[in-house]
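Colleague: Could you walk me through reading salt bridges and strand pairing in a model like this one?

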Amino acid sequence: MPMSETEIRDDRAAGRLEAVGDGEVVGRIEYFVLEAPERALVPVHTIVEPAHEGKGIAGSLAREFYALAEREGVPVAPLCPYVVKWAERHPEAAPPADPRLLSAAKDWLRAHRDRF
């Protein structure tokens with residue numbers, strides 16, 4: 001299925017940015033919103049359903065995740081290894097993460113292990 005038929009939607013309540021194609025979720029970034037020391041979006045996992053791998057879905061999700069953060073005027077503090085690598089390859093779309101926010105995000109994740 002070409003990416004053009006895939007819609008990306010943000011389910012903030014569930015902490016998921018989802019790629020939807022043909023009425024089913026084919027990929028997602030699971031994330032949380034860090035509130036302190038400042039507000040940031042923190043991607044934790046990127047998951048693409050096996051039948052849909054290799055179609056650019058994960059990259060489209062990562063690009064939209066950074067675009068979403070930019071629209072909201074908040075930084076991204078990526079803990080997801082895929083998003084970290086994507087950001088390194090796309091510095092024009094993904095500003096470097098603040099080490100302070102990354103540290104706070106890791107602390108939050110340790111305190112909320114049941115979330116992910």
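This is a predicted model: local features need pLDDT of at least 70, side-chain atom pairs count only at pLDDT 80 or more; totals for chains, interfaces and linings use all residues.

Colleague: Which side chain does Arg 63 meet in a salt bridge?

Modeller: Glu 92, with 3.9 Å from N to O. The cut-off is 4 Å between a side-chain nitrogen of Lys or Arg and a carboxyl oxygen of Asp or Glu, so this pair counts. Arg 63 sits in helix H1 (residues 57-72) and Glu 92 in the loop between helix H2 (81-89) and H3, so the bridge ties together parts 29 residues apart in sequence.

Colleague: And is Glu 92 buried or exposed?

Modeller: Exposed, because its relative accessibility is 59% and the cut-off for that class is over 50%.

Colleague: How many salt bridges does the structure hold?

Modeller: Twelve. Another one is between Arg 100 and Glu 38, where the closest N and O atoms are 3.2 Å apart. Arg 100 belongs to helix H3 (residues 99-111), while Glu 38 is in the loop between strand E3 (24-34) and strand E4 (40-48), so that pair ties together parts 62 residues apart in sequence.

Colleague: What about the exposure of those two?

Modeller: Arg 100 is partly exposed at 47% relative accessibility, and Glu 38 is partly exposed at 33%. Arg 100 also meets the side chain of Asp 98 in a salt bridge, at 3.6 Å from N to O. Asp 98 is partly exposed too, at 28%.

Colleague: Which residues are linked with Arg 9 in a network of salt bridges?

Modeller: Arg 16 and Glu 18.

Colleague: How should I read a strand, then?

Modeller: The general idea is that side chains in a regular strand alternate between the two faces of the sheet. Now take strand E2 (residues 16-21): five of its six residues are buried, so the strand is largely enclosed by the rest of the structure.

Colleague: How many bridges join strand E1 to E2?

Modeller: Five, and E1 (residues 7-11) runs antiparallel to E2. Glu 7 stands opposite Val 20 in E2. The two strands form a hairpin with four residues between them, and Gly 15 in the turn has a positive phi of about 70 degrees.

Colleague: In E3, which residue is the bridge partner of Val 20?

Modeller: Val 25. E2 and E3 pair in the antiparallel sense over six bridges. Their hairpin has two residues between the strands, and Asp 22 in the turn has a positive phi of about 55 degrees.

Definitions and conventions:
Residues are numbered from 1 along each chain as its sequence is written. Side-chain values use heavy atoms; hydrogens and water are left out. Buried means under 20% relative accessible area, exposed over 50%, partly exposed in between (1.4 Å probe, protein chains only). Two strands pair if DSSP finds at least two bridges between them.
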